[in-house]
Amino acid sequence: MQLRFCSVPTSHSNKSTNINTMLCAISGEAPREPVASRKSGNVFEKRLIEAHIAENHTDPVTGEDLAVEDLIELKSPQVVTPRAPNFTSIPALLSAFQNEWDAIVLETHTLKQQLAQTRQELSTALYQNDAATRVIARLSRERDEAREALSNVTISGGAANGDAMQVDGQALPEELVAKVDETQAQLFATRRKRPIPDGWITGEELATFDTTSSSEPLYPASTEVSLNESGDLALFGGADGVAGVYSLSQEKVVLALKAGSAVTATSWWGERAVVGTAAGHIKIFENGNEIAQVGSHAGAVTSISLHPSGALLASGGADKRFAFYDLSTFKTVSQVYTEADISCCSFHVDGLLFFVGSSDGKIRIYDIKTGSNMVELETGGPVKSIAFNENGTWFAVVQAGSSNVSVWDIRKQNVVKVLDADSAVQGAEWDYTGQFLAAAGIGSVSVHQYTKSSKSWSEPVRKAVPAKDIAWGASARQLVALTPEGGVSVLSAS
C-alpha cells in the first residue's frame, strides 16, 4: 500500500503560529482568555487587565484611560503547546538544570561583587563625612578661640580696668533682669493713660515753624545729633575726634569733648554725654571730663542706645556685634554676634526688646534678658535708623537711599504707613506724645502728624533745610537739624 502525506496549508500554519506567539503585555505569558485594547492594540490576559482597570482605569502599557468596554475578546483555537525537545528525556532535564544552576551561581557572584563595591563606596562616604565633621568642629573651635581672644582685648583708660567681655548671648545678671522687668511693667501700665503734657506743641503751631537760628559749620562729617532732657544741649561730633556740646539758648559750643577718634554715634545718659567712636569704643563724659570707656568693637561703633531704666547701655558695630553694658560698674554683661553689619540699634520704649537694623535689610528683634533672637523683619533695603513711637506699638524705619519713612506695627509685624519725605531721608524721630514724626532729608525737613480721632495723617511742616539728623527740643517747640556741613539749624514757631 502506498502512503501519501499531505502538507498543512501555508495560511493555516501562519495563523496557528501567530496565535501561539501572542503574549500578555502584563504577565508576558500566552493568555488563556486573550483580549485586545481598541485604543492601543495590546493583548492582555482577560482577568489581569480587568483587575488593573478596576483599580487604575488606565492601559498598563500606554497609561491612557481604558475601560472594560474598550476590550475586544480574541477567539483562538485551544492548541496544546508541545513540550520543548530539551525536556523530553532525563539527560536533557539534567542538562537544563545544570544550565540554570550555572546561571544562578553567576548571578550570585555578580551580586556579591556589586555588594562589595557598594560597601566600599559607603565606607568612603562615611570617611568623607567624618572628615567634614572634624573640619567643622575644628573651624568652630578656632572661631570660638578667636572670639575669646577678641573679647579679652584689654580696654585701656576709663573705669573699665581691662574687664573681659562675656560669652555670646549670655543672659543678663539677675539684678539687671529685675530692673528690666520692673521698668517694663511700670512703663507698659502707664503708657495708654499718659496725658499730653501741658504746653505741648499743637499741629497749628507746628505749621508756623521756620528757621530761627543756624550755626556755622562746627564739626564736619557729623552724622548724628542728640539733645539732653532739658532740650537745650545738643551733642554731636565729627571726623576730627572731637565732640561738642552746643547750647541752643546761648548759640555756642559750651564743652569740647576729646573722643580720640572720629565720632560716629552720640547719646545722653542724664546729664552725661555718651560718644561712640570709629576706634570701637564708647566714651562717657561728665562736665567735660571722661569718666569711663567701655566697648571693644573690632571696627566703628555705628549706634548706641540707652535703656529706659538708665541702668543699661547698648552699642552696635560694624563688626556684626552688639553689646550691653552695666552703667553701675561700666562692665560688659552680654554680647551677641549677628549675621550682618549693624547700622543702627535701639531699645524698645518699654525696655524689654532690643531692635537691630542691618545692612542686609533685616531688623532683628532680641530678648534683652536672654540675648536670644526672637523675630526677623525683612524691610527690602539697608536699614539706616529706627525710631520708636511712645505708644509702644509703632516704630519708624529709614532705609539708605530711600525718600520714604515706613511706619511699622510691632504686633502685626508689617508696614502700616509709608510717608513721603520728598528727598533721601537720613533720620527720623517721634516726639514724646507720639503725634508727630520728624524726618531729616538731604533736601528738606518735614513733620508728619497722626490724628488718632480720625486715624489720618497730615504734613504740617516741610522746610527746605538740608539735614543729616533731627531731634525734638523741649515740649516739641523746637526742631534741631544737623546740617550736612556739621552745624545745627533750629526750627521753631515764628
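Residues are numbered from 1 along each chain as its sequence is written. In this predicted model, local features need pLDDT of at least 70, side-chain atom pairs count only at pLDDT 80 or more, totals for chains, interfaces and linings use all residues, and side-chain values use heavy atoms, with hydrogens and water left out.

**Exercise 1.** Find the partners of strand S1.

Solution. 
- Strands are DSSP runs of E, at least two residues, numbered from the N terminus; helices are runs of H or I, at least four.
- Two strands pair if DSSP finds at least two bridges between them.
- S1 covers residues 34-37. It runs antiparallel to S2 (residues 43-45), with 3 bridges.
- Pro34 faces Glu45 in S2.
- S1 and S2 make a hairpin with 5 residues between them. Gly41 in the turn has a positive phi of about 80°.
- S3 (residues 71-73) also runs antiparallel to S1, joined by 3 bridges. Val35 has Glu73 as its bridge partner there.

**Exercise 2.** Decide whether Ser385 is buried or exposed.

Solution. 
- Buried means under 20% relative accessible area, exposed over 50%, partly exposed in between (1.4 Å probe, protein chains only).
- Ser385 has 15% relative accessibility, so it counts as buried.
- Ser385 lies in strand S21 (residues 383-388).
- Contact means heavy atoms within 4.5 Å. Leaving out residues up to four places away in sequence, Ser385 touches Cys344, Ala396, Val397, Val398, Gly427 and Ala428.

**Exercise 3.** Describe residues 342-376.

Solution. 
- Residues 342-376 are 0% helix and 63% strand. The end C-alpha atoms lie 14 Å apart.
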